[in-house]
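Here is a report on a predicted model. Please read it with the sequence and the structure side by side.

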Amino acid sequence: MATATVERLVGKAIRRREDPRFITGRGTYTDDVKLPGTHHAVFVRSPLAHARIVNVDARRATALSGVRAVFTGKDLADGGVNPIPVGWLLPGLKTTDFRAIAVDRVRHAGEAVAVVVAETAAIARDAAELIQVDYAELPVVVDAVAALRKGAPQVHDGAPDNRCFHWEIGDKARAEAALRGAAKVVRTRLVNQRLIANAIEPRASLATYSPATDELTLWVTSQNPHVHRLIMGAFVLGLPEQSFRVISPDVGGGFGSKIFVYPEEVAVAWLAKQLGVPVKWTAQRSESFLTDAQGRDHVSDVEMAFDASGKVAGLKVSTVANLGAYLTLFAPAVPTYLYGTLLNGLYDFPAIHCEVDGVFTHTVPVDAYRGAGRPEACYLLERTMDIAARELGTDPAELRRKNLIPKERFPFQTQVALTYDSGNYAPALARALEMVGYQRFRSEQTEARKKGRYLGIGLSCYIEACGIAPSQVVGSLGAQAGLYESATVRVHPTGKVTVLTGSHSHGQGHETTFSQLVADVLGIPMTDVDIVHGDTGRIPFGMGTYGSRSGAVGGTAIHMSLQKIIAKGAALAAHLLEASPDDVEFKAGRFSVKGSPDRGKTFAEVTLAAYLAHSMPAGMEPGLEMTSFFDPSNFTFPFGTHIAVVEVDVETGRTTLLRYVAVDDVGNVINPMIVDGQLHGGIAQGVAQALLEEMVYDADGNPLTSTLV
Amino acid sequence: MARISVKVNGKQQSHEVEPRQLLVHYLRDVLGLTGTHVGCDTSQCGSCTVMLDGRTVKSCTVLTVQADGSDVLTIEGLASGGKLHPIQESFWEEHGLQCGFCTPGVILSALGLLRDDPHPDEQAIRAGIEGNLCRCTGYHNIVKAVQSAAKKLAAAPADNAPARAQGR
């Protein structure tokens with residue numbers, strides 16, 4: 001029997017397997033889950049950014065027909081609900097008393113002061129309007145630089161000068177010496193404005209408690225259901241993990257904002273058990289603006305030194321990072337280890353020093369948002385490079401080219417802890433310049449200027465630390481968790497496969513890419529493979545999806561389990577074929593004896609034999625299921641060059657994007673269509689930050705950006 | 001409470017509803033048609049877009065009682081007899097969706113757009129779907145999907161009639 005040639009699936013632009021349900025309206029997002037008898041929670045939110053809660057009068061609300069109960073922060077605290085902890089500690093870090101519902105003081109506009117539970121969301125909303133809250137207004141600070149000044153209003157009593165942490169990386173003395181000895185030092189202050197993730201699906205949660213089994217089930221818009229279960233179960237609610245199930249079904253985008261354990265989820269889970277009815281909360285978009293963790297918000301003083309030949313000689317950065325009013329789960333890591341460690345960029349800096357002050361203000365908490373720290377580092381370097389090119393009278397592309405780390409220098413030890421395993425940066429820059437027609441553009445630009453048209457070109461050479469992982473490394477840096485990923489590959493008796501992955505897909509298309517991987521390795525059709533994610537009742541403990549880690553870390557965990565499956569299958573096949581295990585090879589879905597391809601068994605035949613267990617090698621257990629936890633030894637370091645061509649109307653300032661060229665080296669591609677789609681989305685959010693978006697507060701802490709307009 | 005009768009995806013419905021109820025909540029909570037999503041509270045995101053008497057509306061901006069006597073098409077009614085509508089097919093083929101949350105609304109808007117203008121250029125497509133927000137795709141592949149759907153519909157115009165669930 002000839003071995004069938006199986007077409008390789010990895011690397012092909014295969015249409016997504018998840019799409020049929022989404023394009024027919026059959027996706028199941030959290031708010032789509034309907035349980036009989038569900039009550040609805042609505043939160044009463046502070047209109048003030050900083051105030052003492054004097055009194056909450058809910059008498060008129062509780063009297064309303066259909067209202068089940070009203071609870072305040074004190075009720076929850078008395079009921080055993082602990083503060084939400086922070087999952088990344090830094091030396092000297094001041095933690096916060098981050099409560100599901102504020103107990104005596106609110107610290108940002110929109111913080112919850114009470115929750116109403118009623119038979120319908122409409123009744124709950126009516127009742128929330130009837131709750132009278134008396135506040136004693138307190139002074140407010142929203143700007144992080146101002147918050148550090150003596151005499152600024154204090155956000156937390158335990159954090160003098162509103163400083164949450166002071167953090168440094170690199171060699172200060174060397175960086176300062178480099179600046180002193182430099183031919184030219186470029187100095188600038190850069191603001192990386194505050195953003196909001198705005199996934200189109202608002203956050204939602206639904207909890208139900210079964211007294212019969214003592215099991216609490218929570219459906220929640222989460223990028224990492226096991227993290228939710230661990231934090232909420234063990235630390236906040238005191239629920240044993242084995243009787244707490246967290247399901248994160250279809251999730252409508254995250255961009256970081258659905259990593260964290262939020263107050264409303266905690267409250268909903270507690271309420272369901274307390275009241276003995278299913279309780280649901282779905283955010284209105286206006287609440288998303290008030291409660292979803294926001295992104296960026298850095299003010300940085302940058303000094304970049306150059307020698308006489310225009311080579312970078314050193315970099316010194318001082319950043320004030322606005323953390324908002326409370327520390328959400330990974331907030332301390334974002335402006336430190338996900339930011340300062342990327343300040344080496346693609347350039348051959350001999351010295352770098354970066355210091356960061358993390359600062360509390362009376363604003364919504366800030367945590368990971370699309371790239372989380374890494375885009376802030378990239379923007380800082382690339383903006384400064386452009387300013388430097390202008391001051392040095394050099395072409396900005398040439399200044400970058402001459403400073404790129406040459407390919408002979410890998411693995412490259414940066415000045416800020418990371419070791420880049422591989423890279424070859426110059427060709428990406430050259431290719432992008434060629435694609436955009438850089439030289440030609442410069443003459444067009446000159447011509448256009450003569451006619452009064454203002455054309456501009458901006459380029460960015462970036463690197464990202466992806467596949468956020470090595471547990472030992474992150475542990476030594478303050479993470480209160482490991483960052484491996486898990487995968488169980490369960491081969492059913494007929495050779496069909498279920499993969500249980502700790503990664504979570506909220507738009508990334510894992511059901512497709514992971515199936516491609518499995519089908520390729522096992523030589524079976526993709527339709528024989530199911531990918532299960534997002535349910536702690538089904539999947540092994542895993543860390544979820546953020547930091548561009550699912551392909552590199554989650555995918556590798558699957559691959560490891562597949563290799564174990566094949567190894568066991570080969571041993572069993574050898575036994576069945578009466579051959580030595582060393583002589584059995586697995587190709588295109590078939591185990592066969594090397595040199596005699598006719599002597600073989602298909603994957604399905606071997607699988608069935610494993611489950612029948614009528615004839616097994618000595619010591620081999622029946623069944624065919626393998627679990628792996630992959631903990632990489634380093635990040636991955638994708639890089640590239642992006643170039644934007646714009647036209648500016650100098651009368652109005654309106655900027656039109658004319659062309660955008662991107663060259664990205666992302667490593668091995670499983671599905672190019674999906675990778676391109678991810679890049680399109682990332683570019684759109686990047687362009688949006690550059691030209692359109694900002695979360696703005698007034699001086700009193702009122703959010704002025706509160707709708708999608 | 002008010003009694004309303006409305007035809008949804010070809011099926012006649014009649015219910016007592018609160019006068020203040022929004023059409024999107026009637027579809028989702030009363031009829032269980034959860035393919036129509038709610039992404040905002042200010043009628044900007046377009047996730048709740050449906051067809052009301054052949055015109056696209058944001059169902060968060062229509063009271064259920066206003067739909068009395070009308071004919072509503074939601075994403076669940078677009079495919080016919082297990083066969084995807086060409087617009088659905090094109091979104092699938094061109095990777096015009098990622099998380100899928102905005103997708104039903106975008107597809108319904110594309111349906112309305114292509115009825116009014118069967119051969120839109122890129123600018124007309126972008127203008128036609130500007131009432132629908134997507135945070136994942138950057139719109140690039142959505143535009144390609146609508147272009148591809150326009151071609152398919154031009155080749156088989158009968159498909160542009162709203163599909164109706166038959167014989168239920």
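## Ground rules

Axes are lines fitted to C-alpha atoms, for helices over the stretch in contact, and angles run from 0 to 180 degrees between N-to-C directions. Helices (H or I, at least four residues) and strands (E, at least two) are DSSP runs, numbered from the N terminus.

Residues are numbered from 1 along each chain as its sequence is written, and chains are lettered from A and ligands numbered from 1 in the order in which they are written. The model is predicted: local features need pLDDT of at least 70, side-chain atom pairs count only at pLDDT 80 or more, and totals for chains, interfaces and linings use all residues.

## A crossed helix pair

In chain A, α16(A) and α17(A) pack at an angle of about 85°. Their axes lie 10 Å apart. That makes α16(A) roughly perpendicular to α17(A) (65 to 115 degrees; under 35 is roughly parallel, over 145 roughly antiparallel, the rest oblique).

From α16(A) come A:G569, A:L572, A:A573 and A:L576. They meet A:F603, A:V606, A:A609 and A:A610 of α17(A). A contact here means C-beta atoms, placed from the backbone, within 7 Å. The residues of this contact divide into seven nonpolar, one polar and no charged. Ala, Val, Leu, Ile, Met, Phe, Trp, Tyr, Cys and Pro count as nonpolar, Asp, Glu, Lys and Arg as charged, and the others, Gly among them, as polar.

## The sheet beside the helices

An open sheet of three strands has the order β22-β23-β24 in chain A, with antiparallel pairing. Two strands pair if DSSP finds at least two bridges between them. The edge strands are β22 (584-587) and β24 (596-602), each pairing on one side only. From one strand to the next, the twist averages 35°.

β22(A) and β23 (residues 590-593) of chain A are antiparallel, with four bridges. A:K587 has A:R590 in β23(A) as its bridge partner. Helix α16 (residues 550-577) of chain A packs on this sheet and touches β22, β23 and β24. The direction of α16 makes about 125° with that of β22(A). Helix α17 (residues 603-612) of chain A also packs on the sheet, touching β23 and β24. The direction of α17 makes about 50° with that of β24(A).

## Two covered strands

Eight of the nine residues of β15 (residues 352-360) of chain A are buried, so this strand is largely enclosed by the rest of the structure. Buried means 20 or more other C-beta atoms within 10 Å of the residue's own; 12 or fewer is exposed, and in between is partly exposed. β7 (residues 163-170) of chain A pairs with β15(A) in the antiparallel sense over seven bridges. There, A:H166 stands opposite A:D357. β14 (residues 312-324) of chain A runs parallel to β15(A), joined by nine bridges. A:G324 has A:F360 in β15(A) as its bridge partner.

β9 (residues 204-210) of chain A is mostly covered, with six of its seven residues buried. Four bridges pair β9(A) with β12 (residues 279-282) of chain A in the antiparallel sense. A:A207 is bridged to A:V279 in β12(A). β9(A) is also joined to β10 (residues 215-220) of chain A, antiparallel, by six bridges. β9(A) and β10(A) form a hairpin with four residues between them. In its turn, A:D214 has a positive phi of about 60°.

## Chain A against chain B

The contact between the chains takes 34 residues from chain A and 37 residues from chain B. On the chain A side, α1 (19-23), α9 (285-291) and α18 (672-691) each supply at least two residues. α18(A) gives the most, with six residues. The chain A side divides into 13 nonpolar, 14 polar and seven charged residues.

## The chains overall

Chain A has 18 helices and 27 strands. For 709 residues, a compact globule would have a radius of gyration near 27 Å; chain A has 28 Å, which agrees. That radius is taken over C-alpha atoms, and the globule rule is 2.2 Å times the number of residues to the power 0.38. In chain A, 53% of the residues count as buried.

Chain B has five helices and five strands. From the N terminus on, its elements run β-β-α-β-β-β-α-α-α-α. The radius of gyration of chain B is 15 Å, close to the 15 Å that the rule gives for 168 residues, so chain B is as compact as a globular protein of that length. Buried residues make up 53% of chain B.

Notes. Contact = placed C-beta atoms within 7 Å.
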